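Welcome, and thanks for taking a look at this one with us.

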Amino acid sequence: MSRAADLARRLGEQAEAVCRYYLPNGRRQGRYWICGDVMGTPGRSLYVRLSGERAGKFCDTATGEHGDLLDLIALNRGLGFRAALDEGRGFLSLPVLPIRQVAPSAPSGSSEAARRLFAASKPIRGTLAERYLQGRGIILPADVAALRFHPRCFHRGPQGREIWPALIAAVTDLDGAITGAHRTWLDPEGGKAPLDQPRRAMGHLAGNAVRLGVASDVLTAAEGIETALALKAVMPAMPVVAALSAAHLAALILPLALRRLYVARDNDGAGRLAVERLRARARADDIDIRALAPRTEDFNADLLTLGPDRLRAWLAEQLAPDDVQRFLVADEPRRCV
């Protein structure tokens with residue numbers, strides 16, 4: 001048995017004592033300790049087994065977090081793996097092992113911090129983030145790997161540091177290297193979290209984007225993630241990128257092989273200006289720049305208002321004829337929405 005597994009087993013043998021110490025606002029109900037989350041908030045979504053073969057195992061039905069008491073201690077105290085081992089050994093009055101040198105923390109907001117955040121997140125399937133997108137009418141194709149879910153993502157605001165679940169999107173360069181990340185904090189009940197700024201990006205963003213598919217000769221570029229995802233949902237074979245703002249859209253670095261770029265602008269002045277700036281840049285590279293205009297304020301609103309079939313019909317009026325055949329007609333037998 002590994003050192004961590006043995007420590008988790010010993011903690012499980014004292015599961016109720018561990019819960020009373022780390023989750024004092026919870027309460028015992030039968031064979032379980034019940035509270036709101038791993039921080040010990042009052043509530044009923046987190047269950048910790050107190051006896052039997054699975055003593056010490058926990059599950060949060062709201063976020064999907066689960067594990068043993070060593071995992072719970074790490075989440076409760078905001079600790080890394082080795083620090084959680086020391087914390088657990090300290091609780092059990094066991095000797096703390098010699099301190100090992102650990103990698104330095106990444107500067108806040110840096111590309112390295114973005115890479116670590118994305119690596120610490122988990123696949124989006126079956127998570128609150130997927131349910132959030134479905135509530136926006138977005139059913140993801142199976143090959144979208146740029147999105148992940150983090151159940152406990154820090155948010156710094158006027159009230160200090162808070163923890164909320166978040167949809168995490170990787171921002172990458174043309175070679176696929178992660179240069180940044182975009183966070184959309186979520187309310188566990190659905191929708192965006194009730195924060196002053198529920199969306200923020202970090203890392204190196206200029207020229208880079210959230211990429212949904214690999215572009216070759218044709219690409220669609222949008223401002224926001226949900227606009228890009230709405231288009232990807234109705235045109236799964238179309239490579240789509242989200243530049244995250246109108247300014248970043250205008251500065252997007254384009255693939256060398258690109259011959260046609262669709263710019264899915266928002267229906268405002270900033271979106272129209274981004275299209276014109278891209279057209280001015282693209283003339284020297286002989287790239288055909290075409291604007292895709294939404295019927296409402298953006299294409300995600302179109303998807304919700306019109307539905308997928310009427311949105312496809314609206315897009316068919318704006319795409320080049322060969323792209324209609326390639327990205328709309330060819331996709332119909334395997335639609336994702």
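This is a predicted model: local features need pLDDT of at least 70, side-chain atom pairs count only at pLDDT 80 or more; totals for chains, interfaces and linings use all residues.

**The chain as a whole**

- The chain is built from 12 helices and 15 strands.
- Along the principal axes, its C-alpha atoms occupy a box of roughly 70 × 40 × 40 Å.
- Buried residues make up 48% of the 337 in the chain.
- If you take the contacts between residues at least 6 apart in sequence, 55% of them join residues at least 24 apart.

**The largest pocket**

- The space in the largest pocket comes to about 1300 Å³.
- Its lining has 39 residues, and Leu117, Ala120, His150, Arg152 and Phe154 are the closest to the centre of the pocket.
- Helices and strands both take part: H3 (69–77), H4 (81–91) and H5 (111–120) each give at least two lining residues, as do E7 (147–157), E8 (160–172), E9 (178–185) and E10 (199–203).
- Which element gives the most to this lining? That is E7, with 7 residues.

**The second largest pocket**

- The second largest pocket has a volume of about 370 Å³.
- Among the 21 residues that line the second largest pocket, Thr172, Arg211, Leu212, Gly213 and Val214 lie nearest its centre.
- Two or more residues of this lining come from each of E8 and strand E11 (210–212).
- The lining of the second largest pocket divides by class into 13 nonpolar, 3 polar and 5 charged residues.

**Nonpolar cores**

- As general background, nonpolar side chains tend to be buried together in soluble globular proteins.
- The largest nonpolar core here holds 43 residues, and Leu133, Leu147, Met235 and Leu315 have the most contacts inside it.
- Helix H7 supplies the largest share of this core, 6 residues.
- Another core, of 24 residues, lies apart from the largest one and includes Ala4, Leu23, Leu72 and Ile73.

- In helix H12 (residues 321–329), the buried residues are Asp323, Val324, Phe327 and Leu328. Because they cover an arc of only 105° around the axis, these residues sit on the same side of H12.
- Packed against the buried residues of H12 are strand E12 (218–222), helix H7 (225–234), strand E14 (260–264) and helix H11 (308–316).
- What are the buried residues of H11? They are Leu311, Arg312, Trp314 and Leu315. The arc that they cover around the axis is only 160°, so they too lie on the same side of their helix, H11.
- The cover over the buried residues of H11 includes H7, strand E15 (288–292), helix H10 (299–306) and H12.

**Loop residues worth a click**

- In general, most residues other than glycine have a negative phi.
- Serine 93 has a positive phi, near 60°, and is not a glycine. You will find serine 93 in the loop between H4 and H5. Is serine 93 buried or exposed? Its relative accessible area is 63%, so serine 93 counts as exposed, the cut-off being over 50%.
- Leucine 244, also not a glycine, has a positive phi of about 85°. This leucine 244 belongs to the loop between strand E13 (240–242) and H8.
- Arginine 259 is in the loop between helix H8 (246–250) and E14, and arginine 259 is partly exposed at 45% relative accessibility.
- From arginine 259 to alanine 55, the C-alpha to C-alpha distance is 60 Å, and the two are 204 residues apart in sequence.

Methods. Residues are numbered from 1 along each chain as its sequence is written. Side-chain values use heavy atoms; hydrogens and water are left out. On a 1 Å grid over the protein atoms alone, a cavity is a set of points where a 1.4 Å probe fits but cannot get out, and a pocket is an open set with protein on both sides within 12 Å along at least five of seven lines; lining residues have an atom within 4 Å of a point. Grid points are joined across faces, edges and corners, and a volume is the space filled by probe spheres set on the points. Helices (H or I, at least four residues) and strands (E, at least two) are DSSP runs, numbered from the N terminus. Ala, Val, Leu, Ile, Met, Phe, Trp, Tyr, Cys and Pro count as nonpolar, Asp, Glu, Lys and Arg as charged, and the others, Gly among them, as polar. Buried means under 20% relative accessible area, exposed over 50%, partly exposed in between (1.4 Å probe, protein chains only). The arc is that of the directions from the helix axis to the C-beta atoms. Contact means heavy atoms within 4.5 Å. A nonpolar core is a set of buried Ala, Val, Leu, Ile, Met, Phe, Trp, Tyr and Cys residues joined through side-chain atoms within 4.5 Å.
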